[in-house]
Amino acid sequence: MKNRILGTFAALCLALASVGMGAGAAHADDDDRVSCTGYASKNAQYRVTLAERDDDRMRAAMRVDAAKPGQRWTVTVYRNGSKAYRITERANRHGNISVARTVRGDDDDRFRFVAVSSSGQRAARTVELDDDLECRSGKGSKGSRYGYSVQESGDDRVTAQVRVNGPTKGARWTATFYRDGSRVASTTSRANSFGNVTLGRTFGADDDRVKVVVRSSTGERISRTVDLDD
């Protein structure tokens, strides 16, 4: 599937809020909204948004940019493991679908979004409104799209993950993570048949600046920092 420009993708997501791994950032906003984007199994891009409406209701929304008009997608949203709603839609002429519902929920509930297409493509993401979660996106030095997220993972620990949508299958990618300037972890993996690779590690951090530097065997470089205290 063709890669879509994340800036265009983000511009079309007004109903799902600004924050994102598109041209800007996805993060909690005044503790009442969280939004994050990523890639499905065959390069479709998605954005999930969870926003507090009042004391016991949440707006749970998902958008998928499938890049294939007419494709049928089923989106299921779970709240704490129980199904909150399910919707099936066909992608519009731009290859996009967008679903949203206001459902019961509190800020400590965990919502899981799962979208599956008629061709077997799958996208899934779990978010929690009171999570310490930061997401960013952009392009590497040779144009590969990436999404970078850092999420609190227990007391004084975070899980940092970068997903790269690159052009070269089998390319070798290495991600090195830094906490407040000190190297804390690294990992290496090869891109799959679509050129995608996901690299992540869990390590100690607490309201720190967490930077990732990613390099590929094709000479591409990605560098991005998030501050968990923002």
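1. Start with strand 5 (residues 72-79) and strand 8 (residues 110-117): the two run antiparallel and are joined by seven bridges. Please keep in mind as you look that this is a predicted model. To find one of these contacts yourself, go to Arg79, whose bridge partner in strand 8 is Phe111.

2. Now follow Phe111 to the other neighbour: in strand 9, its bridge partner is Val127. Strand 8 pairs with strand 9 (residues 122-128) in the antiparallel sense, over seven bridges. Four residues sit between the strands of this hairpin, and Gly120 takes a positive phi near 95 degrees there.

3. Next, have a look at Arg163 in strand 12 (residues 157-165). Is this side chain buried or exposed, and which side chain of opposite charge is nearest? Arg163 is buried and has no salt bridge, with Glu220, the nearest side chain of opposite charge, 13 Å away. A polar atom of the Arg163 side chain does lie 3.4 Å from the backbone oxygen of Ala40. Residues that Arg163 touches include Tyr39, Arg145, Tyr146 and Asn196.

4. Finally, the rings. How many aromatic pairs does the structure hold? There is one. The pair counts as tilted because the rings of Phe177 and Phe203 have their planes at 40 degrees, with centres 5.9 Å apart. Phe177 belongs to strand 13 (residues 172-179) and Phe203 to strand 15 (residues 196-204), so the pair ties together parts 26 residues apart in sequence. Phe177 is buried, at a relative accessible area of 0%, and Phe203 also counts as buried, at 5% relative accessibility.

Notes:
Residues numbered from 1 in each chain as written. Predicted model: local features only at pLDDT ≥ 70, side-chain atom pairs only at ≥ 80, totals over all residues. Heavy atoms only, no water. Pairing = 2+ DSSP bridges. Buried < 20%, exposed > 50% of the residue type's maximum accessible area, 1.4 Å probe, protein only. Lys, Arg positive; Asp, Glu negative; His and termini not counted. Salt bridge = Lys/Arg side-chain N within 4 Å of Asp/Glu carboxyl O. Polar contact = N/O pair within 3.5 Å; in protein donor to acceptor, adjacent residues only side chain to side chain. Contact = heavy atoms within 4.5 Å. Phe/Tyr/Trp six-rings, centres within 6.5 Å; stacked < 30°, edge-to-face > 60°. Lists of a residue's contacts leave out its neighbours within four places in sequence.
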